[in-house]
Amino acid sequence: MLETLLGLLADVEDLAGDRQPAAAQVRLSELTAILSTLVADALMKLGDLDRSQAWYSTARAAADDSGNVELRARVRAQAAMLPFYYGPLEVAVTLTREARMITRGRPSVTTAFAAAAEARALAKLGDGYKAQRALRLAADLFEQSGPGGDADDAFSFPERRFLLYRSGALTAIGDTTEARRVQAQALGLYPTQTGIDPALLQLETAICCALDRLPSDACDLAGSAILAIRPAHQTPILRARAREVIRALPTPTRSSRPVRELREILALPPGAM
């Protein structure tokens, strides 16, 4: 996929190198922003963080050059995934807040996405009050914006992705009862319940178990979620999230048998499971 995306970007670059009408140049900038975001997303999932950051920067510059307000906001909300998973969290909050400011709060799928992403980052930072407020805003915006687009479109924000972000915020806040309900609802929207997003939801259920002081359930669920993922989908994001299960457990239980077994699973190279 990276090879395909980079080939498309090379074609766009060739076209942009020639003198183009203003409308065509704007469209080329939009295409550069979209393709660069997809490249950055792929690199992030592969764990190539420095290059991912560089491509997100390219995407933001191209989106700004296009003047497309919706795209400028969307690229920033999308780029917030990198600092959300790998830090610093403050950057994730800044990017999502910028996205909301660019759209001036107008109801749209992008604004709902930005608010949900901001809520998730604030919750992980420990600011429960602001996270809850952002969650309410995200829910209102999502309801007003209507269907979030094709569920398989990388630039859509369908209900199941909205619920994934809601789950992340509620889990970080520690509202495990509501988080579990949202996780079950979201998983029901994935026909096969396989892939990265369902695995993230299952890992967040495991974190809820850890917060509820159920170490065996937490580790068993986390281990099963990792083992069920095909080698090609065993991204560093999933392993990082699984390690959060261990960190959410009370300190005395972190040397228990279930935790040792989960650590052993996480120590295996992708494809060896």
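# Terms and values in this structure

Tutor: S52 has its place in helix α3 (residues 49-66), where a helix is a DSSP run of H or I with at least four residues, a strand is a run of E with at least two, and both are numbered from the N terminus. This is a predicted model, in which local features need pLDDT of at least 70 and side-chain atom pairs count only at pLDDT 80 or more, whereas totals for chains, interfaces and linings use all residues. Residues are numbered from 1 along each chain as its sequence is written, and side-chain values use heavy atoms, with hydrogens and water left out.

Student: Why does S52 count as buried?

Tutor: Buried means under 20% relative accessible area, exposed means over 50%, and partly exposed lies in between, with a 1.4 Å probe and protein chains only. S52 has 0% relative accessibility, and therefore it counts as buried.

Student: Which residues does S52 touch, not counting residues up to four places away in sequence?

Tutor: S52 touches A40, L43, M44 and L82 once those sequence neighbours are set aside, where contact means heavy atoms within 4.5 Å.

Student: Does R213 count as buried or exposed?

Tutor: The relative accessibility of R213 is 61%, so this residue counts as exposed. R213 lies in the loop between α11 and α12 (215-227), and it has a positive phi of about 60° although it is not a glycine.

Student: What makes helix α4 (residues 69-79) mostly covered?

Tutor: Eight of the 11 residues of α4 are buried, and these are L71, A73, R74, V75, R76, A77, Q78 and A79. The buried residues of α4 pack against α2, α3, α5, α6, α7 (109-125) and α9.

Student: Why is α2 called roughly parallel to α4?

Tutor: Two packed helices are described by the angle between their axes and the distance between the axes. The axes are lines fitted to C-alpha atoms, for helices over the stretch in contact, and angles between N-to-C directions run from 0 to 180 degrees. Helices α2 and α4 pack at an angle of about 10°, with their axes 11 Å apart. Angles under 35 degrees count as roughly parallel, over 145 as roughly antiparallel, 65 to 115 as roughly perpendicular, and the rest as oblique, and that makes α2 roughly parallel to α4. The contact joins E30, A33, I34, T37 and D41 of α2 with L71, V75 and Q78 of α4.

Student: How do you know the classes of the residues in the contact of α2 with α4?

Tutor: Ala, Val, Leu, Ile, Met, Phe, Trp, Tyr, Cys and Pro count as nonpolar, Asp, Glu, Lys and Arg as charged, and the others, Gly among them, as polar. By class, this contact of α2 with α4 has four nonpolar, two polar and two charged residues.

Student: What makes α11 roughly parallel to α13?

Tutor: The axes of helix α11 (residues 196-211) and helix α13 (residues 236-248) come within 8 Å and cross at roughly 10°, which means that α11 is roughly parallel to α13. By class, their contact has 13 nonpolar, no polar and three charged residues. Residues of α11 in this contact include I196, A199 and L203, and among those of α13 are I237, L238 and R241.

Student: Where does the largest pocket have its lining, and which elements give two or more residues to it?

Tutor: A 1 Å grid is laid over the protein atoms alone; a cavity is a set of points where a 1.4 Å probe fits but cannot get out, a pocket is an open set with protein on both sides within 12 Å along at least five of seven lines, and lining residues have an atom within 4 Å of a point. About 1200 Å³ of space lies in the largest pocket. Its lining has 44 residues, of which K45, A154, I196, D197 and H233 lie nearest the centre. The elements giving two or more residues to the lining are α1 (2-17), α2 (22-46), α5 (81-86), α9 (159-173), α11 and α13. The lining residues of the largest pocket divide into 26 nonpolar, nine polar and nine charged.

Student: Which residues line the largest cavity?

Tutor: The largest cavity is lined by A77, A80, M81, F84, A92, T96, A117, R120, A121 and Y165. The largest share of this lining, three residues, comes from α7.

Methods. Grid points are joined across faces, edges and corners, and a volume is the space filled by probe spheres set on the points.
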